[in-house]
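Here's a quick tour for anyone meeting this chain for the first time. Have a look at the sequence and the fold, then read on.

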Amino acid sequence: MTKKSRSRFVARHQEALQLGAAVLFLVMVGIYASLTGASTIGLTSSAAWLLIVAAGVGAYMAMNIGANDVANNMGPSVGSGALTMGWAIVIAAVFEALGAIVAGGEVVGTIKGGIIDPAQIGDATTFAWVMFAALLAGALWLNLATAVGAPVSTTHSIIGAVMGAGIAAGGWGLVNWDTIGAIVMSWVISPFMGGALAAGFLYLIKRSVTYRNEKTDAAGRVVPVLIALMVWAYTTYMLLKGLGQIVKVAFPVALLAGAGVAVVVWWFVRKPLGRLALRQDNSKQGVNRLFTWPLICSAALLSFAHGANDVANAIGPLAAIYEAVKSGAIASRAATPLWIMVLGAMGLAVGLALYGSKLIRTVGKEITELDNMRAYSIAMAATLTVIVASQLGMPVSTTHVTIGAVFGVGFLRELLKVNYAKMEAVVFAGHQGADRAEVEAYLHRFEAAEVQEKKRMLADMKRRAKLRESDEGAVFAKKEQKALKKAIKKEIVKRSVVMRIVAAWIITVPATAVLAAILFQIVSAILD
């Protein structure tokens, strides 16, 4: 057996084991639901079976959320090398589950974002089947997106599914179109906001640290401030989002609390970090090492907050089904039993463990090359964008924000590389006729110079080039012109991955809506 065929054999067996483990988990969920949920509230046979099957579909949805959405939190940390894939999966699984169980809240809104008006459906059984079709459609779409390596919004998936099933059950009048319009606007606004902030943070780090001659000395002063900023953002985020179901904190109070914690952390870490920075190599790699532990902590906190918030996308509709079959009533908000919360938490962890690595690799490695400084910029941009958007009432997706931040970092790198290539071309033009050693020595000094010194050296080269142009008639030799064009066309962000992800974003809501409507019609035909 050749090495290639052996690797294919191993891959097929790994896929079979993953599928077997997933099916076994869903079977166990069915048993768990029958013993914990259906048997304790005295349901009829048909209602009990509906709840058991719905629990399986809810767990399937939670698995797909774990497999797809967790890449937002762990992808940058894995791509930068701060975390290995194995440790990322372990940390994410633990904190996702903790967030879902501890901070998921006792009450979960079942009609996500007020997408449809359940009062217009009327019949509790019909409403239960609407939620069932929405759950299944959302889960199937997430499964497909994960299989093709496209990180999509799980929130938008369930929103589109609820909308489609609701329209199939009661017509177009059920839908809150203002909410849908706000969601569509967020597709455009949130990625650009995340990208702009991430690029801004990365450029700030470059100007204040990596563009300096003494990088480690600058890092000793700047990195404690950057970590304090991260603490402020994450404390505020956790109070508003991660722990929002447990304690209600006003926005100004959360900001002040975050600032207080940030000042304390800065005071304690500034001297140790300053000493640690001086022990590092005077290079980008040395600076990158200072961000390792902050990135690990941020990934864990984001996973906790994600588990607390997005578990509702799986168990919210399931809680509605439970309420409908138990009391025969439609609840726009349903008290969620602990067994359903546990089911959602376990589904997140299992889906992540079995299939999460694919999307983590896509976000962390396939879009653009990441290091710790870039991952820090992405994490800060995503957190601040969600905080600002939540206060403005914008229904943003953390997936869109995080991927937008990755795009922003990548496109900034492209811009800087192209600009540097242009500057190198000017240096070559100013050194025409000089020997290779002289040019390379000048380029080495140019690369090591700080920003202001680069500007002075570049201005000098432009003057020399203009003088040569007046004497010889050409600033750039053909060789330099070709090199410049090649540098301008160089792509650091992989366009094929970008287009695949953006296409998946655009069709998520309509695709899940159509799929949910079809599933509801199939269920209705079978029941009739």
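How many salt bridges does a search of the whole structure find? The search turns up five, where a salt bridge is a side-chain nitrogen of Lys or Arg within 4 Å of a carboxyl oxygen of Asp or Glu. Bear in mind that this is a predicted model, so local features need pLDDT of at least 70 and side-chain atom pairs count only at pLDDT 80 or more, while totals for chains, interfaces and linings use all residues. Residues are numbered from 1 along each chain as its sequence is written, and side-chain values use heavy atoms, with hydrogens and water left out.

**The big picture**

- The chain has 19 helices and two strands; these are DSSP runs (H or I of at least four residues for helices, E of at least two for strands), numbered from the N terminus.
- Of the 528 residues in the chain, 54% are buried. Buried means under 20% relative accessible area, exposed means over 50%, and partly exposed is in between (1.4 Å probe, protein chains only).
- Take the contacts between residues at least 6 apart in sequence: 84% of them join residues at least 24 apart. Contact here means heavy atoms within 4.5 Å.
- Accessible areas come from the Shrake-Rupley method with a 1.4 Å probe, and for residues only the protein chains shown count as cover.

**Salt bridges to look up**

- D217 pairs with R221, with the closest N and O atoms 2.8 Å apart. The two sit four residues apart in helix α8 (residues 215-242), so about one helical turn separates them.
- Within that pair, D217 is partly exposed at 38% relative accessible area, and R221 is exposed at 52%.
- D281 and R289 also join their side chains in a salt bridge, at 3.5 Å from N to O. D281 is partly exposed at 47% relative accessibility, and R289 is partly exposed at 42%.
- E366 and R500 make another salt bridge, at 3.7 Å from N to O. This pair links distant parts of the chain, with E366 in helix α13 (residues 338-366) and R500 in helix α19 (residues 495-527), 134 residues apart.

**A buried arginine without a partner**

- R413 belongs to helix α15 (residues 398-430).
- R413 is buried yet has no salt bridge, and the nearest side chain of opposite charge, E369, is 4.1 Å away. For charges, Lys and Arg count as positive and Asp and Glu as negative, while His and the chain ends are not counted.
- The R413 side chain does reach the backbone oxygen of E369, at 3.1 Å.
- Setting aside neighbours within four places in sequence, R413 touches T368, E369, R374 and I492.

- W87, V90, V94, L98, I101, V102, I246, V247 and L338 form a nonpolar patch on the surface, with about 820 Å² of accessible area together. Patches are made of residues with over 30% relative accessible area and no salt bridge; like charges are joined within 9 Å, and nonpolar side chains (Val, Leu, Ile, Met, Phe, Trp, Tyr) within 5 Å.
- Helix α4 (residues 85-102) gives the most to the patch, with six residues.
- V90 lies in helix α4 and is partly exposed, at 43% relative accessible area.
- T84 is found in the loop between α3 (71-80) and α4, and is partly exposed at 46%.
- A polar atom of the T84 side chain lies 3.3 Å from the backbone nitrogen of W87.
- From T84 to M74, 10 residues apart in sequence, the C-alpha to C-alpha distance is 9.8 Å.

- N64 lies in helix α2 (residues 45-69) and is buried, with a relative accessible area of 6%.
- Apart from neighbours within four places in sequence, N64 is in contact with D69, A139, L142, N143 and T146.
- I52 is in helix α2 as well, and is buried at 15%.
- The C-alpha atoms of I52 and S34 are 5.9 Å apart, although 18 residues separate the two along the chain.

Definitions and conventions: Polar contact = N/O pair within 3.5 Å; in protein donor to acceptor, adjacent residues only side chain to side chain.
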